Amino acid sequence: MMSQMPPQAALSKCPSCAEPLESGDRFCGACGYDLSAVPPPPPDHPTLAMNGAVLPDAPQRPPATAAEPLPAHAPAPQAPAGPAAAAVPPAPAAVPPPAAAAPGVRFDRAPEPDEYPLQAPDPRVAADTAPGAGPVPVCVACRAGRVDGDGYCENCGHAQPRERDHLEQEFGPVAAVSDRGLRHHRNEDAFALGGTALPDGTHATVAIVCDGVSSATRPDDASLAASRTACESLVAALAHGTHPQQAMHDAIVAAARAVDALAAEPATAREHTPHQNAPACTLVGSVVSAGLLVVGWVGDSRAYWIPDDRSPAARLTEDDSWAAQMVAAGLMNEAEAYADERAHAITGWLGADAYGLEPHTASFKPDRPGVVVVCTDGLWNYAEAAEEMAEAVPRDAAVRPLHSARVLVGHALDGGGHDNVTVAVVPFPAPPQGAGSA
């Protein structure tokens, strides 16, 4: 009879197949499970123990083996013979000996670890627990949040400086610094340093500085490709005995080809900037050996000679620019030309749309020690004349080239930092191989 149905069998769903049940069902209509076989509920005692304490009156519940689902191929159980059988629960399984209480919170389950993993890594310890991972960048603004892959702080949302926003490098006796400046949204300058032994056993140092043309597309890529290619070409040619001036010429040609190759990009890469010019940059470089100084350039980046004794300094390059053309043609003096708004319009550059490649090279044999300052217009705009550059260069530049490069970048930033600033300081003569810090 219905009234003889044990209260514990009046369930809302079948323990075997989770099929919804109706009040008074004794068998599951879906799988035929015997609902009278459901074990009685345990006494109303707490089952939660805190801090590993075992409640004295909390009995150990035997495992509810009757509630385990039947295999799909098992026959449905048959109804008991009589009404009395419905009220008799199955024999309880043997109760296992109580296990030692696990620390923390226990829900009458098998002991579990003391700590439970979070659904997401804890940002405070993620850097320490990630196998093989390097240090996670920390926000420069709040000094607390991690920096995501897009360059923003996960804590305060502050955009982080790009890697090229400020770069410093020492290579033997030569050093260079490049900075984004105070007005540009990215650094479009690049530099490369190198050195090699010459066939006669002396050593030569190489410095290349490039300035991306902002009106072109991907100027940062252009300057990077040109600087790296020119430096690699120079080092390889010098090591094989090529004269430094010829090696400089060939390096500029190789750099021009590298920048030209950037224009062969998919049409989709320029679909948003169809009217921009091909990638382009200027270049200036120097090779310094025991007794020879060679410079090469295309564009308006410059090289200056600054003697240690501050005897007359000199500018070693002539700009490929509108202002320089006006001065060379005798149409304006230098002050008038560089005061014109067209002064910095360049007439020579590296790029697929250049009018014609004309690498300039020159060689010198200084009779005294000093340094060569190789820089973009982001610096010489604030120290244009050779005498002004000599005043800005520290007196100990030959023995502290990295410090001097930092000072010169600071000079440009203090002057307004309207452009990217890149400068290399190269001591002359080149010290013996192995001298200086690498």
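Among contacts (heavy atoms within 4.5 Å) in the protein chain between residues at least 6 apart in sequence, 64% join residues at least 24 apart. The model is predicted: local features need pLDDT of at least 70 and side-chain atom pairs count only at pLDDT 80 or more, while totals for chains, interfaces and linings use all residues. Residues are numbered from 1 along each chain as its sequence is written, and side-chain values use heavy atoms, with hydrogens and water left out.

The protein chain holds 9 helices and 12 strands. These are DSSP runs, numbered from the N terminus: helices are H or I with at least four residues, strands E with at least two. Of the 438 residues, 39% count as buried. Buried means under 20% relative accessible area, exposed over 50%, and partly exposed in between (1.4 Å probe, protein chains only).

Helix α4 covers residues 244-261. Buried residues of α4 include Pro244, Met248, Ile252, Val253 and Val259. The buried residues of α4 pack against α3 (219-239), β5 (280-288), β6 (293-298), β9 (350-351) and β10 (360-364).

The axes of α3 and α4 come within 8 Å and cross at roughly 145°. Axes are lines fitted to C-alpha atoms, for helices over the stretch in contact, and angles run from 0 to 180 degrees between N-to-C directions. The crossing of α3 and α4 is right-handed. A crossing is left-handed if the near helix is turned anticlockwise from the far one by less than a right angle, and right-handed if clockwise. On the α3 side, the contact residues include Ala222, Thr229, Ser233 and Leu238. Those of α4 include Pro244, Met248, Asp250 and Val259. The contact divides into 15 nonpolar, 2 polar and 1 charged residues. Ala, Val, Leu, Ile, Met, Phe, Trp, Tyr, Cys and Pro count as nonpolar, Asp, Glu, Lys and Arg as charged, and the others, Gly among them, as polar.

Alanine 278 lies in the loop between α4 and β5. At 9% relative accessibility, alanine 278 is buried. Its C-alpha atom is separated by 9.8 Å from that of valine 213, 65 residues apart along the chain.

A search of the whole structure finds 0 disulfides (pairs of cysteine sulfur atoms within 2.5 Å). Cysteine 281 is in no disulfide; the nearest cysteine sulfur, that of cysteine 210, is 4.6 Å away. Cysteine 281 is buried, at 0% relative accessible area. Cysteine 14 is also buried, at 3%.

Technical notes:
Expected span 1.5 Å × (residues − 1).
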